[in-house]
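These are my notes from looking through one structure.

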Amino acid sequence: MRSFQGETLSWETVDGCVELALHRAPCNEIGAKTLEELEKFVEAHETLKDEAHALIIHSAMKAGFCAGADLRELYFRSKEIGFDKAAPLARDFLNRIHRVANAIDASPLTTIAAVHGVTFGGGFELALLCDLIIADKMARFCFPELRLGLIPGFGGIPRLKRDLGNAVVRDLLLTGRSINATKAQNAGLISQLVAEGDALKVARHTASQVKKFDREARAAAKRFVKPIPYAELRQEIEIFCELFTRPAVEAGLRKFVESSDALPYLP
């Protein structure tokens, strides 16, 4: 499937570069439908990876790249079956999202996240799958999960540890604070900081540079510098599921759902 137009995302190949666009209002929250369409992309990727040289993931939504997991959907689905019985639901979703994430992480293509605005929680984790993060100056990064009584569940901490020093990892995780694009670049999180609205344009230019290099050499270099921390990723799922059924999590999700704030995921 060389192109696809779904409810939450779409993709097409342009000049040998696969462009995956997120377009679910208000800010690309990742729920059951997005996961289903990401799984379709991973299936298509088995063919696309042999025909393309790069992958760009970006957002068509003004609010930002991605606000993370669809917490409203998670809350109501868990409430319906009872939070004390919802661990299997969470585990199934995490196992599926990890299969998607690991496939993108291990892609032989050079992968680029072109981000702007809100890049929080699961959205931050989606960006961390990519080899390069190109961010416009208005991008902000955050792991707000601890305020819900949880840890990031889409692979964020093992991948952040792979890329950055522990001081930055601990600060992001334990304080829940957001950092702006300038701080993210200084920490080594993003590879290029660009003007507002220019992330996709610069990502496309970067993808065209990648095309100049030998396919096998690119893939070999990527495997060498970007090992996938499979054992820690499996451990993350276990910790998340252990935490999930506690009353504190139900209370945190309820507070989020009942919030009247326009953007309740913001610190």
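**Charges and source**

I looked up the charges: the mean positions of the 35 positive and 35 negative charges of the chain lie 3 Å apart. I counted Lys and Arg as positive and Asp and Glu as negative, leaving out His and the chain ends; a charge was placed at NZ of Lys, CZ of Arg, CG of Asp or CD of Glu.

I note that this is a predicted model, where local features need pLDDT of at least 70 and side-chain atom pairs count only at pLDDT 80 or more, while totals for chains, interfaces and linings use all residues. Residues are numbered from 1 along each chain as its sequence is written, and side-chain values use heavy atoms, without hydrogens and water.

**Whole chain**

I found 11 helices and 11 strands in the chain (DSSP runs numbered from the N terminus: helices are H or I with at least four residues, strands are E with at least two). The C-alpha atoms fill a box of roughly 55 × 35 × 35 Å along the principal axes.

I compared the radius of gyration with the globule rule (C-alpha atoms; 2.2 Å times the number of residues to the power 0.38). For 267 residues a compact globule would have a value near 18 Å, and the chain agrees at 18 Å.

Of the 267 residues, 53% count as buried (under 20% relative accessible area; exposed is over 50%, partly exposed in between, with a 1.4 Å probe and protein chains only). The chain exposes about 12400 Å², with carbon and sulfur atoms supplying 54% of it (Shrake-Rupley method, 1.4 Å probe; for residues, only the protein chains shown count as cover).

I also looked at contacts (heavy atoms within 4.5 Å). Among those between residues at least 6 apart in sequence, 75% join residues at least 24 apart.

**Cysteines**

I searched the whole structure for disulfides and found 0 (cysteine sulfur pairs within 2.5 Å). Cys130 is buried at 6% relative accessibility.

For Cys241 the closest cysteine sulfur is in Cys66, 20 Å away and too far for a bond. Cys241 is also buried, at 6% relative accessibility.

**Tyr75**

I placed Tyr75 in helix H2, residues 71-81. Is Tyr75 buried or exposed? It is buried, with a relative accessible area of 4%. Beyond its neighbours within four places in sequence, Tyr75 contacts Phe83, Glu250, Leu253, Arg254 and Val257. Tyr75 and Ala86 are 11 residues apart in sequence and 10.0 Å apart from C-alpha to C-alpha.
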